[in-house]
Amino acid sequence: MTKPSLPDLLHAAVSAVGGTERPGQVAMAEAVAEAIDDNTHRLIQAGTGTGKSLGYLVPALAHGERVVVATATLALQRQLVERDLPRTVDALHPQLRRRPQFAMLKGRSNYLCLHRLHEGAPQDEEEGLFDQFEAAAPTSKLGQDLLRLRDWADETETGDRDDLTPGVSDKAWAQISVSSRECLGATKCAYGAECFAEAARERAKLADVVVTNHALLAIDAIEGAPVLPQHEVLIVDEAHELVSRVTGVATGELTPGQVNRAVKRAAKLVDEKTADSLQTASESFERVMELALPGRLEELPEDLGYALAALRDAARNVISAIGATRDKSVHDEDAVRKQALAAVESVHGVAERILLGSEYDVLWYERHDRFGATLRVAPLSVSGLLREKLFEDRSVVLTSATLKLGGDFNGVAASLGLSAEGVEGEDAPVWKGLDVGSPFDYPKQGILYVAKHLATPGREGTRGDMMDELAELIEAAGGRTLGLFSSMRGAKAAAEELRGRLDHPILLQGEETLGELIKAFAADPKTCLFGTLSLWQGVDVPGPSCQLVIMDRIPFPRPDDPLMSARQKSVEEHGGNGFMAVAATHAALLMAQGAGRLVRASGDRGVVAVLDPRLATARYGSFLRATLPDFWYTTDRNQVRRSLAAIDAAAQADGK
């Protein structure tokens, strides 16, 4: 039988989901197929509306090797598993003569733990475990969540937290889930045969396509012990998020509360002398942390060094002692021991890492009004880790709507540990970049307006001229505004000010769940939605409800951000331009994502307004603008008000 052609397969898949083939999608599918056949790597920028999930799924399924698809957001994971994959598999079956299997795989703590549910959760103050259902008042929010979880446990087939609607608080979920370190293991657990996490792993082992998240991909790379099944093709969607997710997984932290919990969990399992030494070390660490001031620690302070060394040594002794003791008087002893070991090992690991003082790590204090001080340690760069772990022994395709920053792929490639495009070295993975464009006509559908006449934003203080500009633009647009702010404080200040000046309803992130806010914003064209980071990337509202996207300022990282400033300094010490490589690249990525909220469908029209004159006047402005969609560009405030009024009038004439 002749092998079915890629265009025929793509046509069948696109028809099955009720879409239309686009030239960018065809080009993408061909590039993915070529990369898989040649065992090479691709960075593919595919604009909104390209249909990129089918652009990579069809060639991957056609090839027949096992594929792992890693995404950043839950929404895309759900779309792949519940919509795109079932329809694509059905559509390709007649031509492929096989029906590829697919499965979702997440970290263990995403699944309900039957042992924890039935046997109870360890309690810090008491020996053994306690029944969390008895302990929580049935009328409290926590009690109601736990009762609902117990009922759900009898119904769910997956045990996956994301299948529970409505969801429950993190506190409630923590009562019935375990981390991989806390897990007893299927062979030692009374519920091992029914375990949801183990069942998910078994399904993944049998599947042709495994859908996972960036965090699990990072754990698979960092931990050394494979979490994902062996695979020949890796597709990273929403790849612009990968470096920050891997950095997050590779970041360690210590807090007095965390150390204190480890002390309490270990106390009943070791002799008094061993327990006392960990208690004493914990108290010394807490005293140091009480005086901690936020900011980077270029060198390890002497008092912190002594406290961490005591903590590390005491934790090591506790780990040895826990492993050697048995106490049958403790209820469900294995689970209690595993929980205690996990807590103490975490403390030991972070303390030891900080004391090793790697030049490739960044150390800093953070302070929170409510939770006090946290000590964090993160890698200066994850590029070496990614180059070594990501691109070996498999073909890798990385795709997103924003991979070209300043006009080329090299900035993103460098963050992934890749050389510049076309440069080949001994250990440099070979890759090619491809921009398949967008089906949208950006110059006709959108305007990029920079408010060049405004004062340059300072670090502090209200911007009266910016507030006036914001109010006038919203009035001209008739509402229909998504306000993207570089800080929550800025978003709140704007919402409070404009609620007193405008008749348009203004929703503010944090006042309701994000899903509810977006639903309310989409339902009423006169409504505005203001918020910060998650709105820059997480809003998909096609149509007339979102015809004006406002950015209050260029979203550079804060100058006092310890990790970003350390990365910037490192680039400069190696002869590079730290500002462009780190701060401008960070801002470009966010601005491209933010601007991408405007045009989500072929009929969308509107304006992206940047209320920061530096986008027009600063030398780096052209780099940032080159990253944004190719909108018609203007600094004429009167022109943009006329355009917004015309767009609003057209929407009203259509009854929207």
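Student: Is R97 buried or exposed?
Tutor: In this predicted model, R97 counts as exposed, because its relative accessibility is 61% and the cut-off for that class is over 50%.

Student: Where does R97 sit in the chain?
Tutor: R97 is placed in the loop between helix 4 (74-96) and strand 3 (102-104).

Student: What is the phi of R97?
Tutor: The phi of R97 is positive, about 60°, although the residue is not a glycine. Most residues other than glycine have a negative phi.

Student: And what about N39, what is its phi?
Tutor: N39 is not a glycine either, yet it has a positive phi of about 55°. N39 belongs to the loop between helix 2 (23-38) and strand 1 (41-45).

Student: How does N39 count in terms of accessibility?
Tutor: N39 has a relative accessibility of 46%, so it counts as partly exposed.

Student: Next topic, peptide bonds. Which residues does a cis peptide bond join?
Tutor: A cis bond joins T165 and P166, with omega at about -10°. Most peptide bonds are trans. P166 itself lies in the loop between helix 7 (141-155) and helix 8 (170-174).

Student: How many helices and strands does the chain have?
Tutor: The chain contains 27 helices and 20 strands. Its radius of gyration is 27 Å, close to the 26 Å given by the globule rule for 656 residues, so the chain is as compact as a globular protein of that length.

Student: What box do the C-alpha atoms fill?
Tutor: Along the principal axes, the C-alpha atoms fill a box of roughly 75 × 70 × 60 Å.

Student: What share of the residues is buried?
Tutor: Of the 656 residues in the chain, 52% are buried. The chain exposes about 29,800 Å², and carbon and sulfur atoms supply 49% of that area.

Student: And the contacts, what share joins residues at least 24 apart?
Tutor: That share is 76%, taken among contacts between residues at least 6 apart in sequence.

Student: How far apart are the mean positions of the positive and negative charges?
Tutor: The chain has 72 positive and 94 negative charges, and their mean positions are 2 Å apart.

Student: Last topic, confidence. What pLDDT does the chain average?
Tutor: The average pLDDT is 89, and 94% of the residues score at least 70. Over residues 124-130, however, the pLDDT is below 50.

Student: How many contacts does that stretch have in the model?
Tutor: Beyond near neighbours in sequence, residues 124-130 have 25 contacts in the model.

How values were computed: Residues are numbered from 1 along each chain as its sequence is written. This is a predicted model: local features need pLDDT of at least 70, side-chain atom pairs count only at pLDDT 80 or more; totals for chains, interfaces and linings use all residues. Side-chain values use heavy atoms; hydrogens and water are left out. Helices (H or I, at least four residues) and strands (E, at least two) are DSSP runs, numbered from the N terminus. The radius of gyration is taken over C-alpha atoms; the globule rule is 2.2 Å times the number of residues to the power 0.38. Buried means under 20% relative accessible area, exposed over 50%, partly exposed in between (1.4 Å probe, protein chains only). Contact means heavy atoms within 4.5 Å. Accessible areas come from the Shrake-Rupley method with a 1.4 Å probe; for residues, only the protein chains shown count as cover. Lys and Arg count as positive and Asp and Glu as negative; His and the chain ends are not counted. The place of a charge is taken as NZ of Lys, CZ of Arg, CG of Asp or CD of Glu. pLDDT is the predictor's confidence in each residue, from 0 to 100.
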